[in-house]
Amino acid sequence: MQEKLPIAIVSDLACPWCFIGKARLETALARHDLTERVAITWLPYELNPDMPAEAMDRTQYLDAKFGAGKRREIELRLSEAALESGVTFNWAAVKKSVNTRMAHMLVAAAATVQRGGEMKAALFKAYWQDGRDIGDIETLIRIAVEQGFDEQAARDELANDELRETIIGLESHAAQVGVTGVP
């Protein structure tokens, strides 16, 4: 059996460009018949590590960050890039800017059973297309169950202080090696 080429991707689920980038990578791998020859590891990055756990109104947050009116321009540019990549955004459904730490924990937990990419895809869809609050623990548990995970196991992983510290450590390491943004 041929060893798989490892690819480590640092991304945030709250980053629309990361959602587009995931789709573009998958398309490129499939086009060149490389999908089965790579092993992707999803590493955490938080665009907004200080985002409150209860989230913030997305429109207010983005207007404050980029200036009033700029949000729509950004969304239009993202929508155009997304369509070229086979991705769609449901801007009207995405009501909150969320804290993604627990979502990263869920991806890491899924990765232990070689399902990190599937969980990443489910969380991107849940947030960007369905408008679900992926910063909310109960929403994350429902998504995990929808992906075939045991509810209690998902609860345990999201309450796992060691896993939380691992995510924080991975984010810290990314910063130490020069990652200052994503994708």
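**Burial and aromatic pairs**

User: Which residues of α4 are buried?

Analyst: Buried means under 20% relative accessible area, with exposed over 50% and partly exposed in between (1.4 Å probe, protein chains only). In α4, the residues that count as buried are Arg 101, Met 102, Ala 103, His 104, Met 105, Leu 106, Val 107, Ala 109 and Ala 110.

User: What pLDDT do side-chain atom pairs need in this predicted model?

Analyst: Residues are numbered from 1 along each chain as its sequence is written, and side-chain values use heavy atoms, with hydrogens and water left out. In this predicted model totals for chains, interfaces and linings use all residues, local features need pLDDT of at least 70, and side-chain atom pairs count only at pLDDT 80 or more.

User: Which elements are included in the cover of the buried residues of α4?

Analyst: Helices (H or I, at least four residues) and strands (E, at least two) are DSSP runs, numbered from the N terminus. Helix α4 spans residues 101-111 and is mostly covered, with nine of its 11 residues buried. The cover includes β1 (5-11), β2 (38-44), α5, α6 (137-146), α7 (151-158) and α8 (161-176).

User: How many helices and how many strands does the protein have?

Analyst: From the N terminus on, the order of elements is β-α-β-β-α-α-β-α-α-α-α-α. The totals are eight helices and four strands.

User: How many aromatic pairs does the structure hold, and are Phe 19 and Phe 124 stacked or edge-to-face?

Analyst: Rings of Phe, Tyr and Trp (its six-membered ring) pair if their centres lie within 6.5 Å; planes under 30 degrees apart count as stacked, over 60 as edge-to-face and the rest as tilted. The structure holds six aromatic pairs. For Phe 19 and Phe 124, the centres are 5.0 Å apart and the planes stand at 20°, so this pair is stacked.

User: How many residues apart in sequence are the parts that Phe 19 and Phe 124 tie together?

Analyst: Phe 19 counts as buried at 9% relative accessibility, and Phe 124 counts as buried at 0%. Phe 19 sits in helix α1 (residues 16-31) and Phe 124 in helix α5 (residues 116-129), so their pair ties together parts whose separation in sequence is 105 residues.

User: Are the rings of Tyr 127 and Trp 128 stacked or edge-to-face?

Analyst: Tyr 127 is buried at 3% relative accessibility, and Trp 128 is buried at 2%. The ring centres of Tyr 127 and Trp 128 lie 4.7 Å apart with planes at 75°, so the pair is edge-to-face.

User: Which residues does Pro 16 touch, not counting those up to four places away in sequence?

Analyst: Pro 16 lies in helix α1 and is buried, with a relative accessible area of 13%. Its C-alpha atom is separated by 7.4 Å from that of Leu 78, 62 residues apart along the chain. Contact means heavy atoms within 4.5 Å. Leaving out residues up to four places away in sequence, Pro 16 touches Leu 78, Phe 89, Trp 91 and Trp 128.

User: What share of the contacts with a separation of 6 or more joins residues 24 or more positions apart?

Analyst: Buried residues make up 40% of the 183 residues. Of the contacts with a separation of 6 or more, the share from residues 24 or more positions apart is 77%.
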